[in-house]
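Trainee: Please give me a close look at one part of this model. I would like the rings and what surrounds them.

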Amino acid sequence: QVQLVESGGGLVQPGGSLRLSCAASGSIFSIYAMGWYRQAPGKQRELVATITNGGTPDYGDSVKGRFTISRDNAKNTVYLQMNSLKPEDTAVYYCNAATLQLAVLDNYWGQGTQVTVSS
C-alpha cells in the first residue's frame, strides 16, 4: 500500500504560479513512477506530468513549456511547478504513484487538490 498526501493548491490569477507537492509513504520501494493528473468539471481525467525513479519526465501537450515536474527521492516527494497559469488549467489535481510489486502493476491516488485560475 502507498499513501499519497498532496498540498499546494489554491486560487491564482492568470499568468501566476503555484507549486504542488505530493509526499508518498508506505510501500515506497515499489514505486517506479509518480505523477500528476487533473480533472476539470465535466471532463475526463488527463495526464499533466509524470516522472520515473530515474528522473525522466513526461508532460501532457497542454502544459509543455509551462509546468515542471521534479522529485526528491530522499523525501519521497514529487513536485509540480506550474507557471504561466491559464483559466483552462483550473481543475482538481491528483497525485499518482505507479507501483510494481511481485510482477503486479498498481496505481495509487491522492485525495486531490483544487487549483483555480481566475481573475
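**The ring pair and its charged neighbour**

Mentor: Start with Tyr37. Its relative accessible area is 23%, and it is partly exposed. That class lies between buried, under 20% relative accessible area, and exposed, over 50% (1.4 Å probe, protein chains only). The model is predicted: local features need pLDDT of at least 70 and side-chain atom pairs 80 or more, while totals for chains, interfaces and linings use all residues. Residues are numbered from 1 along each chain as its sequence is written, and side-chain values use heavy atoms, without hydrogens or water.

Now the partner. The structure holds one aromatic pair. Tyr37 and Trp109 form it, edge-to-face, with 5.2 Å centre to centre and 70° between the planes. Tyr37 sits in strand β4 (residues 31–39) and Trp109 in strand β10 (residues 104–109), so the pair ties together parts 72 residues apart in sequence. Rings of Phe, Tyr and Trp (its six-membered ring) pair if their centres lie within 6.5 Å; planes under 30 degrees apart are stacked, over 60 edge-to-face, the rest tilted. Strands are DSSP runs (E, at least two residues), numbered from the N terminus. Trp109 is partly exposed as well, at 37% relative accessibility.

Next, the charge. The charged end of Arg45 sits over the ring of Trp109, 4.6 Å from its centre. Arg45 also lies over the face of Tyr94, at 3.9 Å from the ring centre. The test is NZ of Lys or CZ of Arg within 6 Å of the ring centre and within 35 degrees of the ring normal. Trp109 thus has two partners here: Tyr37 in the ring pair and Arg45 over its ring.

Definitions and conventions. Helix = DSSP H or I, 4+ residues; strand = E, 2+ residues; numbered from the N terminus.
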